[in-house]
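Dear colleague,

I am passing on the structure below, together with some notes on what turned up when I went through it. Please keep it open beside this message as you read.

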Amino acid sequence: MKRLFVLIFGVTALFLSSCSEQKEEEKVTDEFFKKKQKEVVLPFEQQVVREVEGRLSIPRNEKYTYEVHKAFLNPDNEEDAIITVNRYNFALEEASRSANPAKNAEMGYIGNYNYFIYYDGKLKKFSNPIKVPSSPKAPLKVIFENIQSEVYKDITIEYRIRNSAFRNYYLIANGNIQIMFQWKLFDNVGTAYPEANFITYDKGSMSMFKDILIYTGKIKNYSPIIPDVYTYNPEIEKAGGLQYRFFYDPRSLKYMTRKS
């Protein structure tokens, strides 16, 4: 009987010891994976680099630039961001391999070398890159406007094509980004007779989105001697009457104008 008790006690002790070791191993394993999970969350700037290079298949030896522009872009009270990417050096490399490199240079290397990516601060997600065909000699310019709300911002992107500039307006709908309006800011700078448009906003006539008003514009203190049209940022003032009033159409998710 005594020998049986010793045997049972020994088996029980062995079982308890095994359970204790298993729990200790599970604890160590759990702590290891928790530590690994923490290591996966990179600083935001490193996340940006990883997303930009991965989504655009940018090799490590390519020189490119990016900028992060932060703002509240939806009503969830979490700060979001727009990341612009400029691949000017890649444009030069592609042009050098083209049939007419001189012509490409004359045209300002126009192509798909400027992109932007939307970062949702609440979901911690990056969108796919959105291309903006333009000259990579001028990086994209981000200007946040209050179009549909005074509480959060909307995205506008300015870009250059030779000696002209354009502005695109983007809508975030169901996590997707789509263009809802675009217009020319100026054209023919560096010549004797440049063109310019003055853009402003008014209370929405068809929805909560503000109407977009286009007036004839004028470049202040203009001189046709411009060393570099791609870095030239003219100040445009209103110089004439209203040309167009655009209103937002909720059905098409775009801006429209009435026929005169």
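Strand 8 (residues 164-173) and strand 9 (residues 176-187) run antiparallel and are joined by nine bridges, and within this pairing Ile-172 stands opposite Ile-177 of strand 9. Please bear in mind that the model is a predicted one.

These two strands belong to an open sheet of eight strands, which are arranged antiparallel in the order 6-7-8-9-10-11-12-13. At its edges stand strand 6 (141-145) and strand 13 (254-256), each of which has a single partner strand, so that one side of each is left without a neighbour in the sheet. From one strand to the next, the twist averages 35°.

Another place to look at is Asp-80, which is found in strand 2 (residues 80-86). Asp-80 is buried yet has no salt bridge, since the nearest side chain of opposite charge, that of Lys-124, is 8.4 Å away, and a salt bridge is counted within 4 Å. A polar atom of the Asp-80 side chain does, however, lie 2.8 Å from the backbone nitrogen of Gly-121. Leaving aside residues up to four places away in sequence, Asp-80 touches a number of others, among them His-69, Phe-72, Asn-74, Tyr-118 and Lys-122.

As for the protein as a whole, it has four helices and 13 strands, and 37% of its 260 residues count as buried. Of the contacts between residues at least 6 apart in sequence, 50% join residues at least 24 apart.

Notes
Residues are numbered from 1 along each chain as its sequence is written. This is a predicted model: local features need pLDDT of at least 70, side-chain atom pairs count only at pLDDT 80 or more; totals for chains, interfaces and linings use all residues. Side-chain values use heavy atoms; hydrogens and water are left out. Buried means under 20% relative accessible area, exposed over 50%, partly exposed in between (1.4 Å probe, protein chains only). Lys and Arg count as positive and Asp and Glu as negative; His and the chain ends are not counted. A polar contact is a pair of N or O atoms within 3.5 Å; within protein, one must be able to donate a hydrogen and the other to accept it, and residues adjacent in sequence count only if both atoms are side-chain atoms. Contact means heavy atoms within 4.5 Å. Two strands pair if DSSP finds at least two bridges between them. Axes are lines fitted to C-alpha atoms, for helices over the stretch in contact, and angles run from 0 to 180 degrees between N-to-C directions.
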